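Please read these notes with the model open beside you.

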Amino acid sequence: MTDEDLMAAVCDGDQSAYQTLVRQHLNAISHYAFRLLGNRKDTEDITQEVFLKLWINAASWDPKKAKLTTWLHRIAHNLCIDYLRKHGNTQTQDEIEPQHQEIDEVINQSGNWEQQEQTEKLNDAINLLPENQRSALMLCHYAGFSNKEAAAIMNVSVKALESSIARARRSLRATLEQAETTRGEAETIG
Amino acid sequence: MTLDEFTHILEVYGSDAEQWPDSQREACLHFTKVNTQAKALLASYQQLDAKLNTIAAPSFPGLEQRVLTQSLPAKQSGLLDSIINWLLPEADSWSDLWRPATAACLPLVLGIVVGNFYSFGITVEDDGFQYWDDELLMLSFNEYSGEQQ
């Protein structure tokens with residue numbers, strides 16, 4: 001069944017179609033929300049709300065205007081931005097620490113210690129990016145959206161999106177180079 | 001192709017040549033072969049992308065079940081709900097704003113139509129003169145001199 005068929009069924013109150021859509025899109029939405037919010041609890045709340053909105057507002061999705069995944073990411077983006085504006089744009093230490101542990105679990109599965117340290121620094125640098133740059137990076141690099149689709153999700157012009165992602169990549173590359181320089185110096189001293 | 005243009009493409013589209021604009025891909029690939037700085041820059045962004053790929057979001061065990069089992073409101077199916085949905089489109093669909101605007105104008109139009117057909121007890125006194133001009137003309141035929149005598 002296509003997204004259109006499933007959404008039509010959801011409009012008619014078909015819960016099995018809803019369940020299929022949840023299984024198809026849950027990971028993408030939760031990962032995006034996690035990257036924007038930075039903690040597990042809020043990510044789960046927002047993800048749940050995204051799918052509740054899918055159920056309630058299914059009739060308002062227009063397949064001619066946007067793909068379903070784009071529409072869902074836009075809902076998630078708006079909910080996350082609202083949340084960040086209400087609760088402040090910066091993550092507290094209490095939120096960052098558990099997130100470190102969660103990311104470490106993923107990183108520890110592969111690579112040596114130096115690589116892990118470098119990746120952790122990069123992860124920290126991502127979390128410190130302004131919200132628009134972080135969103136742009138998540139949508140274009142991780143979610144695989146085109147610049148045009150990512151701009152539609154973030155409700156900005158393509159030019160603004162490209163400016164955000166360029167700044168994000170420039171900043172992360174500088175972080176990575178700095179980490180490499182530090183590592184090189186440490187090896188020289190050692 | 002200049003180094004600045006190539007840098008811009010790497011920053012905007014990343015190091016994967018498949019993501020670069022079709023119109024510039026060949027030029028970019030050629031540039032990396034002839035320009036050592038471009039080659040080094042590409043390697044640097046490839047390293048960044050590779051590092052970014054090692055960072056994955058954690059899994060959320062239990063979230064799927066939580067979303068699947070959340071209580072969903074009953075679907076709106078009444079005529080009134082359909083009308084309301086039609087009249088009040090989503091906030092971000094500006095193209096449908098004519099619907100609530102039309103709905104807002106309806107009472108005005110209805111008022112004009114009803115007022116045109118029904119008087120609701122308000123009558124205009126009709127004494128046979130349709131115009132003030134007619135009335136003035138009739139007054140001019142009166143004999144006022146006799147009254148003075």
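**Notes on helix packing and a bend**

1. In chain B, α2(B) and α3(B) are roughly perpendicular to each other, a label for angles of 65 to 115 degrees (under 35 is roughly parallel, over 145 roughly antiparallel, the rest oblique). The axes of α2(B) (residues 22-34) and α3(B) (residues 36-54) cross at roughly 110° and come within 5 Å. Axes here are lines fitted to C-alpha atoms, for helices over the stretch in contact, with angles from 0 to 180 degrees between N-to-C directions. Helices are DSSP runs (H or I, at least four residues), numbered from the N terminus.

2. This is a predicted model: local features need pLDDT of at least 70, side-chain atom pairs count only at pLDDT 80 or more, and totals for chains, interfaces and linings use all residues. Residues are numbered from 1 along each chain as its sequence is written, chains are lettered from A and ligands numbered from 1 in the order written, and side-chain values use heavy atoms, without hydrogens and water.

3. Which residues of α2(B) meet α3(B)? They are F31(B), T32(B) and V34(B), and they meet T36(B), A38(B), K39(B) and L42(B). Contact means heavy atoms within 4.5 Å. The contact residues divide into four nonpolar, two polar and one charged. Nonpolar covers Ala, Val, Leu, Ile, Met, Phe, Trp, Tyr, Cys and Pro; charged covers Asp, Glu, Lys and Arg; the others, Gly among them, are polar.

4. α2(B) also packs with α1(B) (residues 3-13), at an angle of about 115° and with the axes 11 Å apart. From α1(B) come L3(B), F6(B) and I9(B); from α2(B) come Q24(B), C28(B), F31(B) and T32(B). The contact of α1(B) with α2(B) has five nonpolar residues, two polar and no charged.

5. Now chain A. The axes of α7(A) (residues 131-142) and α8(A) (residues 147-154) come within 9 Å and cross at roughly 135°. The two helices are therefore oblique to each other. Their contact uses N132(A), S135(A), A136(A), L139(A) and C140(A) of α7(A), and N147(A), A150(A), I153(A) and M154(A) of α8(A). Six of these residues are nonpolar, three polar and none charged.

6. Where does α2(A) bend? The bend is at H25(A), by about 50°, taken as the angle between axes fitted to the seven residues ending there and the seven starting there. G38(A) follows α2(A), with a positive phi near 80°.
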